[in-house]
Amino acid sequence: MTNLQPSRRGLLAGLGATGAAALLSGCVTSSSSAKSPSTGPVTLQSNLSAPQAKAAMEDLAAAYAKKGTGRVSLNTVAAETFRTQLPTYLTSANPPDVYTWYPGSVADAYARKDLLLGLDDVWASSPDLKRYSKALNSLCTAGSGKKVFVPSTYYWWGMFYRKSNFAKWGVREPRTWDEFLDLCDTLKSKGVAPIGLGAGGNTAWVASAWFDYLDIRINGAGYHRELLAGKHRFDDPEVRRVFDRWQEVLPYFDPDGTAVAFQDATTALLNGRSGMMLIGTFFADAAPKDALDDIDFFRFPVIDPKVPLAEEAPTDGYFASARSGRTRQVDELMKYLATAEAQEIYIKGSSGTVLPCHPDAKDAGTPLVKKGRAHIESAAELTQFFNRDSSDALQPTADTALTKFIAQPKSVGSILTDWQRDAAKIWSA
């Protein structure tokens, strides 16, 4: 698969929402050739199961019903259950109609199997989508030229911490890797686990953020995307350099890092049992709203100043089943989800730490969100996340390799050999 990376300026024109704009290959079923529409509400399968995010989706469904153009039956599924069951949903005889998920390379795996509904009519007839950035158009378009996705929000990853805790400990944000290690030393001397992780339970994928960031800081975003596309090997010397650097910071990780999920790691961060955590803003949906004003972040430290600065800025939104029997109703819902109104309703009801894809939609306007937007706009390149820049199928290989590395760092050589073997099976499938 070929990834087409837009320039930062072109990407951010009017929006700034995506990282690598993947060229999706294969055929998808267009809405004109799907089953005839049937009656009843559109079923919307949502992985947004954190309390605030779930409530925001319920608000969105209620607002859509008031429009009088259609109804939504919202089914919220625990995020990790959703991830593992998504292929089953899409291939079932009577699948849900619409799904919250990801564009780009992730959607490609399903588009190539003719499982995604073509949304050309939606994009052509929606005055809102006509104003979306060229980067989003590319990210949501299959190799056949058909649209398969409607984007709604995007967000950023960073090293998050609680401002009051940093003030209490007398520390400040680092800029370089050496300053970062010094900060870790200081926190450890105060009896604080410097770095929370949250890669236990069903959220082992959180560890991939460390791999992503170390790789894009050391080898660059271009190499990283090529690696995830199978153009390099996980046992190459360049990848080994990533793990050599990771070993420098492993002693500062919370010992429970691979034993607890990110939601529990969030609690530890807020309670001051850990100092900071590399995470996306979605973690705030698991935090009390009264704590949000005390949350801040800093950029993952620069390791090699010669490597162009890249950041993770994933895009979220919706695709639909090619087997839906309600294509007309699906089209109407998709048009609504693309509006500024819909995205503002979601932002207001959730933690408010995401940014809208619609160029006219207002974000939460908080200092944290303003800083996050500037953080994304200052990047030379944007990536999505490990599975989003590769595939859902490749993610479990990373989960296995990275959690094993954290537990057995001296076995890194054999771990990378095994990772390459497992990844090669996915790429050749």
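**Exercise 1.** Which side chain meets Glu381 in a salt bridge, and which parts of the chain does the pair link?

*Solution.* Step 1: find the partner. The side chains of Glu381 and Arg225 meet in a salt bridge, at 2.7 Å from N to O. This model is predicted. Step 2: apply the cut-off. A salt bridge needs the nitrogen within 4 Å of the carboxyl oxygen, so the pair counts. Glu381 sits in strand 16 (residues 381-383), and Arg225 sits in helix 10 (residues 221-228). They are 156 residues apart, so the pair links distant parts of the chain.

**Exercise 2.** Is Arg225 buried or exposed?

*Solution.* Step 1: take its relative accessible area, 6%. Step 2: compare with the cut-off. Buried means under 20%, so Arg225 is buried.

**Exercise 3.** Describe the salt bridge of Arg233 and the accessibility of its two residues.

*Solution.* Step 1: name the partner. Arg233 pairs with Asp235, and their closest N and O atoms are 2.8 Å apart. Step 2: check each residue. Arg233 has 42% relative accessibility and is partly exposed. Asp235, at 30%, is also partly exposed.

**Exercise 4.** Where in the chain do Glu311 and Arg299 lie, and how accessible is each residue?

*Solution.* Step 1: confirm the pair. Glu311 and Arg299 form a salt bridge, with the closest N and O atoms 2.5 Å apart. Step 2: locate them. Glu311 is in strand 13 (residues 310-312), while Arg299 is in the loop between strand 12 (295-298) and strand 13. Step 3: read the accessibility. Glu311 is buried at 0%, whereas Arg299 is partly exposed at 24%.

Notes. Residues numbered from 1 in each chain as written. Predicted model: local features only at pLDDT ≥ 70, side-chain atom pairs only at ≥ 80, totals over all residues. Heavy atoms only, no water. Helix = DSSP H or I, 4+ residues; strand = E, 2+ residues; numbered from the N terminus. Buried < 20%, exposed > 50% of the residue type's maximum accessible area, 1.4 Å probe, protein only.
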